[in-house]
Amino acid sequence: MATNTSSAAPTALASVTLEVADPETAGHFYRAFGVDGYVSLQASSAASTGFRGFTLALTVSGPATVDGFVSAAVDAGATVLKPATKSLWGYGGVVQAPDGTIWKIATSAKKDTGPATRDIDEVVLLLGVQDVKATKQFYVERGLTVGKSFGGKYAEFASGDACPVKLALYKHRALAKDLGVPADGTGSHRIVIGSTGGNSFTDPDGFVWEGAQS
């Protein structure tokens with residue numbers, strides 16, 4: 001039976017590193033987009049095609065702020081995958097950075113209650129996995145603590161002090177559909193996840209974790 005705690009040494013997300021062809025060019029994009037404080041960059045020429053299996057999701061205060069982040073990304077070279085629009089749950093859109101990373105910007109608010117800002121309320125690294133329950137248990141056994149869980153559809157882990165990004169799991173095909181891209185993809189995920197636990201491992205869906213250097 002799955003549990004939400006573990007006797008292992010506490011482990012949490014320490015960093016998110018995107019593997020890009022040209023870190024200098026990618027750095028210019030992420031500074032213009034306004035998210036450079038949340039990700040690191042390293043050079044990689046690893047082959048990757050199609051959906052890389054993850055997204056980074058920004059939660060902001062209102063629709064005008066969503067529009068501002070989408071516009072900043074597009075002005076810096078991003079491609080719009082899903083235009084920002086209203087939905088049952090709020091307002092949001094999806095863009096793809098020039099390096100291939102997909103970003104979702106959303107708010108639960110359907111109307112603005114103040115002016116647009118460049119503030120980010122939350123950033124979530126959302127991994128698309130084949131079996132949410134099994135992968136959740138894999139992480140629990142490595143010391144992560146579950147914060148929210150909705151059966152086999154979604155799981156979110158408690159955040160720590162080491163990184164401003166939360167980790168969550170979602171069904172792979174459901175995530176691709178939400179982002180507006182085909183679910184198929186091959187090769188590298190082009191992302192390295194840093195761990196506070198000091199251990200390096202690869203999860204069941206091929207996402208690589210590296211122990212943070214002391």
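## Salt bridges

Glu-122, Glu-156 and Lys-166 are joined in a network of salt bridges, a salt bridge being a side-chain nitrogen of Lys or Arg within 4 Å of a carboxyl oxygen of Asp or Glu. The model is predicted: local features need pLDDT of at least 70, side-chain atom pairs count only at pLDDT 80 or more, and totals for chains, interfaces and linings use all residues. Residues are numbered from 1 along each chain as its sequence is written, and side-chain values use heavy atoms, with hydrogens and water left out.

The whole structure holds 4 salt bridges. One of them pairs Lys-104 with Asp-178, with 2.7 Å between the closest N and O atoms. This pair links distant parts of the chain, with Lys-104 in strand β7 and Asp-178 in helix α4, 74 residues apart; helices (H or I, at least four residues) and strands (E, at least two) are DSSP runs numbered from the N terminus. Lys-104 is buried at 16% relative accessible area, while Asp-178 is partly exposed at 23%. Buried means under 20% relative accessible area, exposed over 50% and partly exposed in between, with a 1.4 Å probe and protein chains only.

Lys-166 and Glu-156 meet through their side chains at 3.4 Å, N to O. Glu-156 is buried, with a relative accessible area of 7%. Another salt bridge joins Asp-184 and Arg-173 (3.8 Å, N to O). Asp-184 is exposed at 56% relative accessibility, and Arg-173 is exposed at 59%.

## Pocket and cavity

The largest pocket holds about 560 Å³ of space. On a 1 Å grid over the protein atoms alone, a pocket is an open set of points with protein on both sides within 12 Å along at least five of seven lines, a cavity is a set where a 1.4 Å probe fits but cannot get out, and lining residues have an atom within 4 Å of a point. Grid points are joined across faces, edges and corners, and a volume is the space filled by probe spheres set on the points. The pocket lining has 10 nonpolar, 4 polar and 5 charged residues. Here Ala, Val, Leu, Ile, Met, Phe, Trp, Tyr, Cys and Pro count as nonpolar, Asp, Glu, Lys and Arg as charged, and the others, Gly among them, as polar.

The search finds 1 cavity of 30 Å³ or more, with about 60 Å³ of space in the largest cavity. Residues lining this cavity include Ala-12, Leu-144, Phe-157 and Cys-163. By class, 8 of its lining residues are nonpolar, 2 are polar and none is charged.

## Nonpolar cores

The largest nonpolar core has 46 residues, and Leu-18, Phe-33, Trp-103, Leu-125 and Leu-127 have the most contacts inside it. Such a core is a set of buried Ala, Val, Leu, Ile, Met, Phe, Trp, Tyr and Cys residues joined through side-chain atoms within 4.5 Å. A separate core of 12 residues includes Phe-51, Leu-126, Ala-176 and Val-181.

## Two single residues

Ser-195 belongs to strand β13 (residues 191-195) and is buried at 1% relative accessibility. Glu-141 sits in the loop between α3 (132-140) and β9 (146-150) and is partly exposed at 48% relative accessible area.
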